[in-house]
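Me: I would like to go through this structure with you. Please take it step by step.

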Amino acid sequence: MAGRIWGILLAGLGVVAYFYAGHFPTLEGGYPGPALFPRLIAGGLALSGAILAWRPGTTPKANSSFRSSQTLGAAVLILLTALIPFVWTWLGPGVALGVLAAATAWLSGVPLWHALLLGAATGAGLYLLFFNLLGVPI
């Protein structure tokens with residue numbers, strides 16, 4: 001029941017954020033404006049919330065006692081997220097966010113090699129998206 005409530009709240013937050021980002025300024029010539037990325041994230045949040053509301057209680061099972069401690073896992077993720085700005089210039093944005101994605105997946109119960117693959121795909125995807133496709137250094 002709690003999963004359904006959280007799902008509805010997150011889906012609602014995503015919908016509100018999506019429409020709020022619609023008030024951001026637009027660029028001329030059909031170029032994506034500053035509302036693009038907030039709307040993508042809001043859409044993902046709304047979709048994830050809807051899935052959680054539709055299928056509550058379908059969280060992955062942890063495979064070890066370390067990962068089964070939700071408090072410890074949350075503390076590690078908060079620490080890793082707080083360290084991102086400090087290691088960003090040393091590791092580069094792709095590697096730093098890839099490590100964060102891998103750690104998040106692993107602490108959520110995903111097998112280690114899947115989590116590492118996800119982290120590598122995240123880092124490579126961010127590099128390709130921002131540097132090659134958009135030409136924006138991050």
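Reply: Contact here means heavy atoms within 4.5 Å, and helices (H or I, at least four residues) are DSSP runs numbered from the N terminus. This is a predicted model, in which local features need pLDDT of at least 70 and side-chain atom pairs count only at pLDDT 80 or more, while totals for chains, interfaces and linings use all residues. Residues are numbered from 1 along each chain as its sequence is written, and side-chain values use heavy atoms, with hydrogens and water left out.

Me: Which residues of H6 are buried?

Reply: In H6, Ala115, Gly119, Gly123 and Phe130 are buried. Buried means under 20% relative accessible area, exposed means over 50%, and partly exposed lies in between (1.4 Å probe, protein chains only).

Me: Where do the buried residues fall, seen down the axis of H6?

Reply: They fall within an arc of 75°, so they line one face of the helix. The arc is that of the directions from the helix axis to the C-beta atoms. An α-helix has 3.6 residues a turn, so residues three or four places apart point the same way.

Me: And which are exposed on the other side of H6?

Reply: Trp113, Leu117 and Leu133 are exposed there.

Me: What does H6 reach from its first C-alpha to its last?

Reply: H6, with 22 residues, reaches 30 Å, close to the 32 Å expected at 1.5 Å a residue. The expected span is 1.5 Å times one less than the number of residues.

Me: Changing topic, which residues make the nonpolar surface patch?

Reply: Leu36, Phe37, Leu40, Leu129, Leu133, Leu134 and Val136 make a patch of about 600 Å². Patch residues have over 30% relative accessible area and no salt bridge, with nonpolar side chains (Val, Leu, Ile, Met, Phe, Trp, Tyr) joined within 5 Å and like charges within 9 Å. A salt bridge is a side-chain nitrogen of Lys or Arg within 4 Å of a carboxyl oxygen of Asp or Glu. Accessible areas come from the Shrake-Rupley method with a 1.4 Å probe; for residues, only the protein chains shown count as cover.

Me: Which helix gives the most to the nonpolar patch?

Reply: H2 does, with 3 residues.

Me: Why does Leu129 count as partly exposed?

Reply: Leu129, found in helix H6, counts as partly exposed because its relative accessibility is 31%.

Me: What does Ala50 touch?

Reply: Ala50 is in helix H2 and touches Gly7 and Ala11, not counting residues up to four places away in sequence.

Key:
Helices (H or I, at least four residues) and strands (E, at least two) are DSSP runs, numbered from the N terminus.
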